[in-house]
Amino acid sequence: MRRWGAPVAGDGLGWRQDPATGLLLVADAALYDADRLCRALEAPADEARAPLSLLLRAWQRWGEGLLEHLDGDFALLVCDGHRRQVFAAVDPVGMRSLFYRFDPARGIVFGSTPEAVAEWCGLDARIPEHRLLEPLFGAEQLAHREPEIAGVDRLPAAHMLTAGPGRLQVRRWWRPGQRNPGLAADDLDGWTEGVRWHLAEAVRKRLADGVQAGVQFSGGLDSAAVLALAQRHASARVRAFSLVDHGRPDCPETRAIEATLAFTGVPAQVVDLADPQASIAQARAATALLPRFIYGRNGFLPLFERQAATAGVQVMMNGLDGDLLFFYEDLLERQVRAGRGEALRNARLQDALSIEPWMEAEVRRLRVSSRLPWWLRERIRDLRAHLEVAPRLHAACLNQQTIARFELRARMRDYLASLRRPRPPASGVPTESFMGLITQEGIARFQQRMRHAGIEMRCPLLDRALIEFAAWLPLEFRLREGHLKWIMRRAVAPLLPAEVVWRGDKLHLGSHFDRLMLQPVLEGMVRSFERGSGPAVASWVDRPRFLHMARRWQAGHLDGVWQLRVLVLLEHWLQHNADKVAWAH
């Protein structure tokens, strides 16, 4: 608050105080249905443009119950000096971050980043060296469960906190699937119309305040649907940001992107892998400035955000996380357990559509494992996880001294254990699909990176009302006729070209961009090893394996890029940010 100074009218980031009671509200919020909230509070209509005032009124009216009335993305806290109490809460999916440090003897401190809290409390705000290595073996999600700075905690999505002298309580306030829409399981038209309406509302609400918006458009169904709906609601204020490859005439992403842009008429800023020189230099510069190196994975995204900020874009939207919304992780298992004979047929059809077939093999495996007792299946999962530790550390190109020094095998086991799911129900709504570590960490990474570029992230597919509705979708509408997310495809079919709606040949171009962006860094690392000096990451790296995979990278094999790009990205980041690391001695 001392750093912010006086709040700006109409801004959702700042503070408001009731002069009569001294009650203080601090928030980072975007309210998407403020007119409805105004009416419920019987507040003047112009307060719909003053989210902080509305939030303070809502607290005074409903107390903790205000959370059930809010539609938006928020991190907020209320300080009651007379009662010596603090209340804090985060929105249902964690679109806003809130970190804190609680000391029973001294009090509680909050901040939007762990560094801000650490600096205020006199802690070392640098990243510990051993935590820096976790993304190398795919365990960056541990940073969401255990923030890198010791003593600083994160308030999880859909959780609230109450604190007073010497006491702290954190509890969950929302779970998906609490409101049954009441549609019959065989009402296909009703479910289709419901998905279409909720999608349109989710986009409309996020553009209602007249912001200049961008859409990170990959060519896939989810971001294409967001783009088409955004064009309908704010055609003059929307711009697409896309990665294409005109060097490959058969590139399915390029075809889908160009077909969608032509169909919708949305202007686009395009990075072409066939002529990337200026773009990759800008992307390297953008990733070097990020507060965490892992935020630069898929280096074209920081590039898009820098370009968007330069173009005056205030809000960026994307298709996160349509996969989870319409095809959550235990769908196949639940279909097999329910004895649905079409599961194998759908799997074969889906594999025929996709570039990398996988579903038929998974369904056949589930046909065997689903007959086993739950306890035995969990034992098998634990064994598979144990056997996975060594290969993943090997693939990270870390040497044995580093693995032993930082006890990385134990960290890997902790990570795999954290991914264990509760037993899925035979029917009904998903339990924890939207609250898993992978999803939460991904949302936080997107949010922090966009904030760093001065842009607000808004994700229509993570709208609370849409999640509530989609949680009750019947299984057979999620995977049908070989199409994943079938009901969403049917819902958005009038908005997009048919070849985009029903495509199954999804191809991710991010690895190709990263190969070009990081190629000079890789070449410098190879030269350093050959001279004997070694790059910044040399003390951690298994040198022979790194050089072997570097040769595969340079020969054009993508497996070399997949295995080395996070390590090379870390090397690039350390060349500019070594002072941000608390090196072990």
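The axes of helix 9 (residues 277–288) and helix 24 (residues 558–577) come within 9 Å of each other and cross at roughly 65°. The model is a predicted one, in which local features need pLDDT of at least 70, side-chain atom pairs count only at pLDDT 80 or more, and totals for chains, interfaces and linings use all residues. Residues are numbered from 1 along each chain as its sequence is written, and side-chain values use heavy atoms, with hydrogens and water left out. Helices (H or I, at least four residues) and strands (E, at least two) are DSSP runs numbered from the N terminus.

**Helix packing**

- Two packed helices are described by the angle between their axes and the distance between the axes. Axes are lines fitted to C-alpha atoms, for helices over the stretch in contact, and angles run from 0 to 180 degrees between N-to-C directions.
- On the helix 9 side, R284, T287 and A288 meet L569, H572, W573, H576 and N577 of helix 24, where contact means heavy atoms within 4.5 Å.
- Sorted by class, this contact of helix 9 with helix 24 has 3 nonpolar, 4 polar and 1 charged residues. Ala, Val, Leu, Ile, Met, Phe, Trp, Tyr, Cys and Pro count as nonpolar, Asp, Glu, Lys and Arg as charged, and the others, Gly among them, as polar.
- Helix 6 (residues 188–207) packs against helix 7 (residues 221–234) at an angle of about 55°, and their axes are 9 Å apart. Helix 6 is therefore oblique to helix 7 (angles under 35 degrees count as roughly parallel, over 145 as roughly antiparallel, 65 to 115 as roughly perpendicular and the rest as oblique).
- The crossing of helix 6 and helix 7 is right-handed. Helix 6 contributes L199, A200, V203, R204 and L207 to the contact, and helix 7 contributes V226, L229, A230, H233 and A234.
- The classes in the contact of helix 6 with helix 7 are 8 nonpolar, 1 polar and 1 charged residues.

- An open sheet of 5 strands with parallel pairing has the order 13-12-11-14-15. Two strands pair if DSSP finds at least two bridges between them.
- Its edge strands, each pairing on one side only, are strand 13 (268–272) and strand 15 (456–458). Neighbouring strands of this sheet are turned by 25° against each other on average, direction ignored.
- Strand 11 (residues 213–216) pairs in parallel with strand 12 (residues 238–244) over 4 bridges, and Q216 stands opposite F241 of strand 12.
- Strand 12 also runs parallel to strand 13, joined by 5 bridges; here A240 has A268 in strand 13 as its bridge partner.
- A right-handed β-α-β unit consists of strand 12, helix 8 (residues 252–264) and strand 13 (with the strands pointing away from the viewer, the path from the first strand over the helix to the second runs clockwise).

- Another open sheet has 3 strands in the order 6-5-8, paired antiparallel. Strand 6 (107–111) and strand 8 (153–154) are the edge strands, each pairing on one side only.
- Within it, strand 5 (residues 99–103) and strand 8 are antiparallel over 2 bridges, with F99 opposite R154 of strand 8.
- Strand 9 (residues 159–164) and strand 10 (residues 167–172) pair antiparallel over 6 bridges, and A163 stands opposite L168 in strand 10.
- The hairpin of strand 9 and strand 10 has 2 residues between the strands, and G166 takes a positive phi near 75°.

Terms used. A crossing is left-handed if the near helix is turned anticlockwise from the far one by less than a right angle, and right-handed if clockwise.
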